[in-house]
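Subject: Structure handover

Hello,

Here is the structure I said I would pass on.

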Amino acid sequence: MKQEFKIIANLIEKNTRVLDVGCGDGTLMEFLKNNKEIDIRGIEISKNKVQNCIGKGLTVIEGDAEKDLIQFPDHSFDYVILSQTLQAFLNPEQVISELLRVGKKAIVTIPNFGYWKLRLHLLIKGTMPVTRTLPDEWYNTPNIHMCTIKDFFNFCKDQKIHLYKSIALQNLKSSKINNSNIELKNLSAVLGIFLLEK
Amino acid sequence: MNDINNVKKIIVDKPLKLDCGKIINNFPIAYETYGNLNKKKDNAILIFHALTGDQFVSGVNPFTKKDGWWSYAVGPDKPIDTNKYFVLCANVIGGCMGSYGPSDIDSISKKILGTSFPVITINDMVNAQYNLLDFFKIDQLFCVDGGSMGGMQVLQFVNNFPNKTKIAIPIACTASHSAQNIAFNELGRQSIMADANWVNGNYSNERLNPDKGLSVARMAAHITYLSKNGLQEKFGRKLQERDDLKFSFDADFQIESYLRHQGSVFVNRFDANSYLYITRAMDYFDLIKQHNGNLSKAFSQSKTKFFIISFTSDWLYPTSENKDIVIALNAIGADVGFVEIESDKGHDSFLLNVPEFLDTLKNYINSSYIKN
């Protein structure tokens, strides 16, 4: 998902402090570090992946985003990134609120469950969709809180979270999401990328 | 070279005021070095040893004839590669491998100091060792590193000298010695002091040695360095060179024989009074209290990059206590990495061949040096 990384990089300003929550093996962190003059840190739950990050010279702490974000003071980062992991949390609502406490802004990307191929899969096959971006079966998927771009849009409205930028990504094509095209983007986008602020 | 007088030493002629109020002067710091200091002097790593360690980190210890205590981690082509880095380690004051300690001779009475040696602290140890930087004319270290009590010294070093090291790696340690830690240390001390041969610390002058007390202290402490699972896996209920129980108090079980062995070899290389003083220094260690409850303040003046490592099965200095240090550093936006290594080898994991730990240590040090 290099395209996703490029869009995220474009949302971040120079000389800022950035926290990548659920940074995995540090691919995004490395990309941002090489392409932006920023101070970036990561938090990751898997020991192996933390060790990978350390090997790449990235500053990462092992920790659970649902428990360990509490150690970061209010607004201690300019941006907090959550790339394609919101759906894996037990309590996404609380995670979003923590992201917006720790970061002045948050960048959240979500795999769009409203994407037409997923809808078609469910409509025709009648089973939970399995795709390249969502490769697991329902019984072993870490993705326990899937949502659509529209769901997230409405969630932010309800929570009075300000959406600075909403971007739909479909393969290599990115486009803005707004109130008038939300139904269409909710059908055509594979990924939603949001820049938000409380 | 197995004469204690022949180890490398500097004599510190700057007076050092100890936490107890006493001032010491013209005292020796024994040290060892590995590898070469480069021209830029930017490749120096100061390693702090743990309770029963010494300056012989790597290679063969000239006194025990065994491998240095951190041979898995330090040496040519090892994770801390002495082809690349200049490794420096000193014996702590209070120790018994050449630095100023209770087995030194009082210049006036010509008697061995024993318990007239002043009570020292982790802070005193670190301040004493700092003199090595002056001696080697090192303006800034690349790294300070150490496990257990060595880790406590790492924390104290950054607190005392905020910008004298680029990176700091405290391993399997704590910022404040817990009641349980103090309890185990007290057990060891009481065991030594209950030995009739301890004679109020005056044993050397009377040509005695509290071997029994010191070996029991070591046995008890050794249990705290291992995990229950590790012990069970290694020893279980296996019997020692016998087919059945002997219905006596001999070492029927392998674990008994193992502990007795650990105790008996320890007394040949360690001084009982040093054991009292160093455990006391650990017990007094409370960096949180030094900053009125706010550990972050210990590091707020520093730009040092931290990497903290703990082990899953370490119940003596558990992950939670290591994480408290991470939290304190994150609270001030410090550059801090942290990982808990999976190991069933208990607190001793940092001294043993735990490949994931050694790889992580190597990767962190090497990637930090590139960016240097």
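Predicted model: local features only at pLDDT ≥ 70, side-chain atom pairs only at ≥ 80, totals over all residues.

Strand 4 of chain A

Strand 4 of chain A covers residues 77-83, and six of these seven residues are buried, so the strand is largely enclosed by the rest of the structure. Strand 4 of chain A has strand 1 of chain A (residues 17-21) as a parallel partner, joined to it by four bridges. Strand 5 of chain A (residues 103-111) also pairs with strand 4 of chain A in the parallel sense, here over six bridges.

Helix 5 of chain A (residues 92-102) makes a right-handed β-α-β unit together with strand 4 and strand 5 of chain A.

Helices 4 and 8 of chain B

In chain B, the axes of helix 4 (residues 179-193) and helix 8 (residues 272-284) come within 10 Å of each other and cross at roughly 160 degrees. An angle over 145 degrees counts as roughly antiparallel, and helix 4 and helix 8 of chain B are therefore roughly antiparallel to each other. Their crossing is left-handed. On the helix 4 side, the contact is made by B:Ile182, B:Asn185, B:Gly188, B:Arg189 and B:Ile192. Helix 8 of chain B contributes B:Ala272, B:Tyr275, B:Leu276, B:Thr279, B:Met282 and B:Asp283.

Regards

Methods. Residues numbered from 1 in each chain as written. Chains lettered and ligands numbered in written order. Buried ≥ 20, exposed ≤ 12 C-beta atoms within 10 Å, placed from the backbone. Helix = DSSP H or I, 4+ residues; strand = E, 2+ residues; numbered from the N terminus. Pairing = 2+ DSSP bridges. Right-handed = clockwise from strand over helix to strand, strands pointing away. Axes fitted to C-alpha atoms, helices over the stretch in contact; angles between N-to-C directions. Parallel < 35°, antiparallel > 145°, perpendicular 65-115°, else oblique. Left-handed = near helix turned anticlockwise from the far one by under 90°. Contact = placed C-beta atoms within 7 Å.
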